[in-house]
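Subject: The structure you asked about

Hello,

Here is the structure I promised to pass on. Have a look at it first, and then read on for what turned up.

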Amino acid sequence: MLSAGRTTLIALTALAPVSWGTTYAVTTEFLPPDRPLFTGLARALPAGLLLLALARVLPRGAWWWKAAVLGALNIGAFFPLLFLSAYRLPGGMAAVVGSVGPLFVVGLSALLLGQRPTTRAVLTGVVAAFGVSLVVLKAAGGLDALGALAALASAASMSTGTVLTKRWGRPEGVGPLALTGWQLTAGGLLIAPVALLVEGAPPALDGAAVGGYLYLALANTAVAYWLWFRGIGRLSATQVTFLGPLSPLTAAVVGWAALGETLTPVQLAGMALAFGATVAGQRAPRARTGTEPVPFSSPSRNGRKHSMDLTGQGLRR
């Protein structure tokens, strides 16, 4: 049974993937076509600079390269791949294909965090993936291969970034606002030269596009990623990533309600399975009898290291 405080934490963290589920509709309906790199840049860099201005904290020591790595995985690679898939696939399908992240995180947690995959986590991930396949099944014959690969690659990139964020923690005294700002800024700076070389000068923007970019940069990125990294700091990596299916569920509902997309009974069944996997994935891992939690180290101000419990039970940073 989850406590009221943990339920509230999960609910707030869940707002991030719910917000991200609207990305596909905003991209296809309001933004200039075929500009995935510029769109990723406009979403990341302004949000990162805003959070840096609010936090007024810069990385120190090893955190310069750690922030760069996390920014590349969570933002610099993830955003362009995400928008490439959004431009080439129907909104709900693009999000659902990318929702295989829980399976990636289960495997990466074993490799990088020393957490043995539990039977429940693996089965829940398989159920989520099966739900994904049911939703995608309808359009499998016309599935754009590049769009599907981009969606899968974006999920792999974000999953790796999530697990590394859990492994490295945060420097003592640095909150999730600063950590989010570091990553968004690093990712945006990584995207900027590539966008200029590949797509050229920024496109002309009308009022709808300006509004779309403002929404993506503020609510969809600055606020959503702050909630996401805050959740990573207090929940297990598996719990956080099993909130991911809320993104395709939101995208599918928005596609049906606002874009006139249809949902078959098979797709609805797949959505139900994905939602069930989300709920099941929120049960905190049980500590193994006779086994100590696997610790990771986070640097403190005096250069020493302290260990933190990775089971997700009362984890705070």
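Please keep in mind that this is a predicted model. The protein has 13 helices and two strands. Its chain runs to 317 residues, and 52% of them count as buried. If you take the contacts between residues at least 6 apart in sequence, 86% join residues at least 24 apart. The accessible surface comes to about 14000 Å², and carbon and sulfur atoms account for 68% of that.

Now to the inside. A search of the whole structure turned up three cavities of 30 Å³ or more. The largest cavity has a volume of about 340 Å³. It is lined by 23 residues, and the closest to its centre are Trp20, Phe78, Gly98, Met158 and Gly244. Several helices give two or more residues to this lining, among them helix 1 (4-20), helix 4 (63-88) and helix 12 (246-258). Which helix gives the most to the lining of the largest cavity? That is helix 8, with six residues. By residue type, the lining of the largest cavity divides into 13 nonpolar, ten polar and no charged.

Next, the aromatic rings. The structure holds eight aromatic pairs. Take Trp65 and Trp168: their ring centres are 5.4 Å apart and their planes stand at 80 degrees, which is over the 60 degrees needed, so the pair is edge-to-face. This pair links distant parts of the chain, with Trp65 in helix 4 and Trp168 in helix 8, 103 residues apart. Are the two partners buried or exposed? Trp65 is partly exposed, with a relative accessible area of 47%, whereas Trp168 is buried, with a value of 12%.

Another pair is made by Phe78 and Phe79, and this one is tilted, at 5.9 Å centre to centre with 50 degrees between the planes. Phe78 has a relative accessible area of 9%, so it counts as buried. Phe79 is also buried, at 0% relative accessibility. You have already met Phe78 as one of the residues closest to the centre of the largest cavity. Both Phe78 and Phe79 belong to one aromatic cluster, together with Trp20, Tyr225, Trp228 and Phe229. Trp20 is likewise among the residues closest to the centre of that cavity.

Thr23 lies in helix 2 and is buried, with a relative accessible area of 1%. What does Thr23 contact, leaving aside its neighbours within four places in sequence? The partners are Arg43, Leu82, Phe83, Leu216 and Asn220.

Then there are two loop residues with a positive phi. For Asp34, phi is near 55 degrees, a positive value in a residue other than glycine. You will find Asp34 in the loop between helix 2 and helix 3 (36-55), where it is exposed, with a relative accessible area of 60%. Arg56 is not a glycine either, and its phi is positive at about 55 degrees. The place of Arg56 is the loop between helix 3 and helix 4. With 75% relative accessibility, Arg56 counts as exposed, because the cut-off is over 50%.

Happy browsing, and do write back with any questions.

Best wishes

Terms used
Residues are numbered from 1 along each chain as its sequence is written. This is a predicted model: local features need pLDDT of at least 70, side-chain atom pairs count only at pLDDT 80 or more; totals for chains, interfaces and linings use all residues. Side-chain values use heavy atoms; hydrogens and water are left out. Helices (H or I, at least four residues) and strands (E, at least two) are DSSP runs, numbered from the N terminus. Buried means under 20% relative accessible area, exposed over 50%, partly exposed in between (1.4 Å probe, protein chains only). Contact means heavy atoms within 4.5 Å. Accessible areas come from the Shrake-Rupley method with a 1.4 Å probe; for residues, only the protein chains shown count as cover. On a 1 Å grid over the protein atoms alone, a cavity is a set of points where a 1.4 Å probe fits but cannot get out, and a pocket is an open set with protein on both sides within 12 Å along at least five of seven lines; lining residues have an atom within 4 Å of a point. Grid points are joined across faces, edges and corners, and a volume is the space filled by probe spheres set on the points. Ala, Val, Leu, Ile, Met, Phe, Trp, Tyr, Cys and Pro count as nonpolar, Asp, Glu, Lys and Arg as charged, and the others, Gly among them, as polar. Rings of Phe, Tyr and Trp (its six-membered ring) pair if their centres lie within 6.5 Å; planes under 30 degrees apart count as stacked, over 60 as edge-to-face and the rest as tilted.
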